[in-house]
Amino acid sequence: MSDLETIRRLEMACLTREVRDDPKALGALLTDGLTEIGSTGQVWTRREILKRLPTETPFDFALSDFAVEHFGENAILATYACVLTRAGVPSHSRRSSIWVLEGERWKMHFHQGTPCDPL
């Protein structure tokens with residue numbers, strides 16, 4: 001599997017209810033030093049994310065324009081467009097994540113979602 005396919009699969013896993021509702025499964029995908037800048041500009045730590053995500057309202061999602069850029073052998077920047085639909089209401093964003101290779105596993109180290117107009 002290519003790095004693009006691997007990282008896309010991991011990004012999608014982070015958006016599923018199964019992973020978001022399970023702190024152990026989600027935690028396995030995040031570095032200890034993870035930082036997220038949310039759509040409101042609020043900064044979240046790994047601990048806060050593991051506590052918050054299981055309480056979120058469920059949503060459907062679709063990704064497009066997925067791309068990756070390598071930074072050496074152990075870091076990848078992923079960028080993509082995302083549409084989250086909650087209770088029939090879509091929200092559009094551009095997202096970026098930095099994934100780092102820890103041992104043999106890719107883990108998310110940084111994530112940011114920026115609201116945007118529909119693409």
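This is a predicted model: local features need pLDDT of at least 70, side-chain atom pairs count only at pLDDT 80 or more; totals for chains, interfaces and linings use all residues.
**Stop 1: the largest pocket**

Begin by selecting Arg20, Glu36, Glu56, Leu84 and Arg95. Of the 31 residues that line the largest pocket, these five lie nearest its centre. The volume of this pocket is about 560 Å³.

Next, colour the helices α1 (3-15) and α4 (46-52), together with the strands β1 (30-37), β4 (75-86), β5 (89-102) and β6 (105-115). Each of these elements supplies at least two residues of the pocket lining. Which element gives the most to the lining? It is β6, with five residues.

Now colour the lining by residue class. It contains 14 nonpolar residues, 10 polar residues and seven charged residues.

**Stop 2: the largest nonpolar core**

Select Ile7, Leu26, Leu30, Ile49 and Trp99. The largest nonpolar core has 24 residues, and these five touch the most other members. Two or more residues of this core come from each of α1, β1, α4, β3, β4 and β6. The largest share belongs to β4, which contributes five residues.

**Stop 3: the aromatic pair**

How many aromatic pairs does a search of the whole structure find? The search finds one. To view the pair, select Phe66 and Tyr80, whose ring centres are 5.3 Å apart. The pair counts as stacked because the planes of the two rings meet at 25°, and the cut-off for stacking is under 30 degrees.

Trace the chain from one ring to the other. Phe66 belongs to strand β3 (residues 60-70) and Tyr80 to strand β4, so the pair links distant parts of the chain, 14 residues apart. Are these two residues buried or exposed? Both Phe66 and Tyr80 are buried.

**Stop 4: a charge over a ring**

Move to Trp44 and display Arg52 with it. Arg52 lies over the face of Trp44, at 3.9 Å from the ring centre.

**Stop 5: Ser93**

Finally, select Ser93, which is found in strand β5. Its relative accessibility is 8%. Ser93 therefore counts as buried, since the cut-off for that term is under 20%.

Along the chain, Ser93 and Phe66 are 27 residues apart, and their C-alpha atoms are separated by 13 Å.

Technical notes. Residues are numbered from 1 along each chain as its sequence is written. Side-chain values use heavy atoms; hydrogens and water are left out. On a 1 Å grid over the protein atoms alone, a cavity is a set of points where a 1.4 Å probe fits but cannot get out, and a pocket is an open set with protein on both sides within 12 Å along at least five of seven lines; lining residues have an atom within 4 Å of a point. Grid points are joined across faces, edges and corners, and a volume is the space filled by probe spheres set on the points. Helices (H or I, at least four residues) and strands (E, at least two) are DSSP runs, numbered from the N terminus. Ala, Val, Leu, Ile, Met, Phe, Trp, Tyr, Cys and Pro count as nonpolar, Asp, Glu, Lys and Arg as charged, and the others, Gly among them, as polar. Rings of Phe, Tyr and Trp (its six-membered ring) pair if their centres lie within 6.5 Å; planes under 30 degrees apart count as stacked, over 60 as edge-to-face and the rest as tilted. Buried means under 20% relative accessible area, exposed over 50%, partly exposed in between (1.4 Å probe, protein chains only). A charge sits over a ring if NZ of Lys or CZ of Arg is within 6 Å of the ring centre and within 35 degrees of the ring normal. A nonpolar core is a set of buried Ala, Val, Leu, Ile, Met, Phe, Trp, Tyr and Cys residues joined through side-chain atoms within 4.5 Å.
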